[in-house]
Every structure is written in structure tokens, then in C-alpha cells.
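Colleague: Could you walk me through this model? I would like to ask a few things as we go.

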Amino acid sequence: MKNIVSKKVENMQPSGIRAFFDLVLGMKDVISLGVGEPDFVTPWPIREAGIYSLEQGFTSYTSNKGLYKLRLGLNRFLKHKYGLEYCPDEEMLITVGVSEGVDLAMRAIINPGDKIIVPIPSYVSYGPVAELAGAKVAYVDTTQDDFKLTPKTLTKAIDKKVKAVILNYPANPTGVSYTKKELEELSKVMIRHDLLCLSDEVYDDLTYDFGHTPLATLKGMKNRVIYLNGFSKGFAMTGWRVGYVCAPPEIIAAMTKIHQYTIMCVSITSQMAASEALISGARSVQEMKREYNRRREFFIDGLNSIGLSCKKPQGAFYAFPGIKKFGLSSLEFSQRLLKDKKVAVVPGTAFGACGEGYLRMSYASSSDNLKEALLRMGGFLKGLK
Amino acid sequence: MEEILEILEKDCRASAEDIAKMTGKKTAAIKQAIKKLEKEGVILKYKAVINRELVRDVDSQVRALIEVNIAPQKDLGFDKIAERVYSFPEVSSCYLISGTYDLLLVVEGKDLQAVARFVAEKLAPLEHVKGTATHFLLKKYKEDGVILKHREENKRIAISY
């Protein structure tokens, strides 16, 4: 049979570093700084709630939008935490992680020919998912602006076809975040040009140097923000796959249409556990945040002292140091570091072409691991000189 | 201060240099703070948490929780008699508790007889001790916040976005 695979999918950019990933997965005794998830296990009270729900026989579908209990919990949680008010009936949808939320949001808003602005380096899915939904993607290189979108670079990227911008802060892979003031500046541009914004704030709990400001709390923004968040990072619940979207009713209604046909609903066990996370998880979240913050201070200091210059990231659990001065490409550097010293990192190019010359290192790893990785990398760099 | 304690409580081998880096403070300041905590008796001791089930330690093979009923003394309350009790090397922990009994002891010995002998010959005959109830420990699951089992292996895949 010819043309088995759809042209659209065939044309999707394959990840250039898949082979490198396979290499890492095949090796033993590697210290991995390549993991994009917390190293903590989900706090026990949350796990226990999941187990209890199974014992009680909660094994059915839930409403498409998600358990009402969970949406109501989120309504209170967001009100209390940020003063954000979203109606649990009409302005909320529980999704399979933020990943599904991003996909649904794109599919719900994009018409053929629409453009989406994606600042890079960025999380891997934004561009491909937008393209799958039929959009053209305008990538904005942020490497000259400390990896941040600025009113200037945003304005420059806007033309009549641009429908929405995607923001992710604190960001994977760079760890940068935006202050309230920076967000206000960006929001003015979005309002002036009547743009929507997909705001992926899944790392919001892991903001260290200033308070996190949800974009939707800014003046004039709530009706144009698709607020994406989830339980994966803050509550260490990656494998449960629970995210949520808050947005104006017409957008949620459109997203729910797609969601009900493709996903139906998120696993009830996961939703029950997530519900408990909102009630009893806060203490664990704060504990984990303090631990990440200490590792951040320790690791960034260590990177700089072995000669990998790196600005202190304000959030998430990633460092994104530059390696241009060593004369190796990101992929070569990562391959050699893995082979010579058994330390795994992710080449910056995984997150967009402009990630060349950078590496993503996750400090969601024990202090002992971080210490050993720094030692090994220090030795590796000495060998390069 | 609280932050230093949180770090040391998790890993008492963390050096002042490392703690300084983690907290963004100067090493000298951390050293000074730790000294102060030690001096004030906030930090009493640095020790390892050992899973005794995996080592042959003849002197503390058997542990028992012992509830002790005491007649308090005038002016001295329970403190004087508690001191006499906790001074025995067999007593590894000693608490004054509310409820039916007064003191709760953790006692260690090389076998059942050793613990029984301690109760019969040392503890029970003490003046003011009105009665004891001994519970031998069968299995230890968690102690001082540490779950006693082999270190769990890493469950995350080595590389992901």
C-alpha cells in the first residue's frame, strides 16, 4: 500500500535527537540530568486517595469535563491562591496533562492560515501540535533576550494572520520566568493586537525569586487567556496525567467537544487523587519547592565554578547553560559527555534550532547525584581544553 | 536557621560549604549558625539511621516498649525517678506520657531474657515504680520519619522532555 502515513504527519519534524535518547536509555550507571520530571514520588496522602478510590469501586467514567468535585476544588484553589475566578461548570476542563490541554486549545481556536507565535527554545510540543491543528508557526528566537519574549520581539512577530501566542513560564527548558511587570508589558501588546494567549503555567509552584503571576489575573486578559496548568510538577504527579484548562466559556465548550470524542474523560482514579492533592498537598509542595530551590542554588553555583556559565533560572528545575566557547555542537557535546563521563543531558537543539550552543540540565535529582555530575562534568571540561 | 536544620535533618553530612551554596549565604555564617545551634542544644548529635535488621548487633537484638507506672514524689514529680530510669544504658529512649501510664521506655537487649532480667531486677524493684507492662517489638517499619527498607531504585526513565 502506498501513502500509508498521512502527509501532515510525515512532514512533521522528527526529533533530531531521538537516536541520542536511545543511546542514553541503553546505557547503565548513567547519572541523568536529562529527566523532565520531579524525582519525588507523589506525596502519600495523594497516592492513598487514589488507592482508596479503587477500593471504594470508583472505576467508571466521569463527566467529560471532569469530576465536579475536582473542578469545584480547583475553583476554590485558584481563588484562594491567585484571586482567579473560573466557573467550574463553564470555564474549566480537566485534561490528560497539560499536553492534551495544549492540543485541544490549538485545535479549538485555529482556522486554516492562522499563525501562532511560539517563543523558542520551548517545550517540544507547541510547534508540532500547532502545525497539526493547521496553523503556521512563527518562532521567535529569545536567546538574545535572556530567553524571554519581549514586547519588542513580540510586536515584530505579529502580522494580520497571528491569532495567538503561547507563553510558558517558568519555562521548560530554560527555567526563566516573567515578573508581573514584564507580563503587563506583554499583555498590552496582546490586547492592542487582539491576540489570544495560551499560557502554560504548569511550573507555577516552582517559582523561586518572586511570586508567580498568572497572566489571566492581569487587567483585560482573562477573556483572552487560555490558562493551562496541571498536577504533574508541583505535586509530583507526572504519571497520573491530570491537567486542567481554564478559559472563556466558548473556548471551553469548543475544547470539550473535541475532548469528549477523543479522550472522553481523564482516569477517575487520577482525578480522585488530584482532588485530594488540592486539599492536603500544599505542605508537600512547599517542602519540595524548598528542596528544589536549594539544589538550584547549589547546582548553578557549581556549573559556573566548573566553567559552564549559566544565569540563575527563576523557576522550574532546569539549568540551560551555554557551551559555545567549547567549539562543539550541543549534540556532540552531549554525546561525548555521555560516552566519556556517563552524564546524560539534553542538547538544546531539542527545544528549537536556536537551542544550539546550549544544554538542558535538570536539577530534579538528589544532591549526591548533582555533586557527582558536577565533578564528572568538571573533569570532562578540563579534558576539552 | 530553620532551613539549616531542615537540610541537616535530612543529611547531617552536608558540609557548611554545601549548605552555604544551597542557601546563598556565606560559609562562615553557616558555620557560625551551626555552632550556635549546637551550643544552644538545638542540634544535639549527628548520627546515622541504621536498619538493625540487616546487621548482627548482639547487644541490641531485642527491643521492647515498656510502660511504667510511677508514684510521683513530692516537689520532684516524675523527674527524679525518670532520671534514675533513663540512666540505665539499656534504656535507649524515655518519655513521660499522659494516659494510663507515666513513663514510656524503649529498652534494648541481646535477647528476651536480657530484657526480662532488666525489668525484673532493675526496673520493677525501684522505689516509686508501681508497675510495668512490657511489649516486645516484632518488626520496625518506620523510625524517626525514615521508612526502613532498601533504597528504592529509580523509577523514572533516564531522559524525557
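Modeller: Happy to, and here are your questions with my answers. This is a predicted model, in which local features need pLDDT of at least 70, side-chain atom pairs count only at pLDDT 80 or more, and totals for chains, interfaces and linings use all residues. Residues are numbered from 1 along each chain as its sequence is written, with chains lettered from A and ligands numbered from 1 in the order in which they are written.

Colleague: How many helices and strands does chain A have?

Modeller: Helices (H or I, at least four residues) and strands (E, at least two) are DSSP runs, numbered from the N terminus. For chain A that comes to 13 helices and 12 strands.

Colleague: What radius of gyration does chain A have?

Modeller: The radius is taken over C-alpha atoms, and the globule rule is 2.2 Å times the number of residues to the power 0.38. For 385 residues a compact globule would come near 21 Å, and chain A agrees, with 21 Å.

Colleague: What is the bridge partner of A:Tyr318 in strand 12 of chain A?

Modeller: Strand 9 of chain A is joined by two bridges to strand 12 (residues 359-362) of chain A, and they run antiparallel. In strand 12 of chain A, A:Tyr318 has as its bridge partner A:Ser362.

Colleague: Is A:Thr59 buried or exposed?

Modeller: A:Thr59 sits in the loop between helix 3 (44-55) and helix 4 (68-82) of chain A. A residue is buried if 20 or more other C-beta atoms, placed from the backbone, lie within 10 Å of its own, exposed if 12 or fewer, and partly exposed in between. Because A:Thr59 has 10 C-beta neighbours inside 10 Å, it counts as exposed.

Colleague: Which helix supplies the largest share of the side of chain A that touches chain B?

Modeller: Contact requires C-beta atoms, placed from the backbone, within 7 Å, and 18 residues of chain A are in contact with 12 residues of chain B. Helix 2 (18-26) and helix 11 (282-306) of chain A each supply at least two residues of that side of chain A. The largest share, four residues, comes from helix 11 of chain A.

Terms used: Pairing = 2+ DSSP bridges. Contact = placed C-beta atoms within 7 Å.
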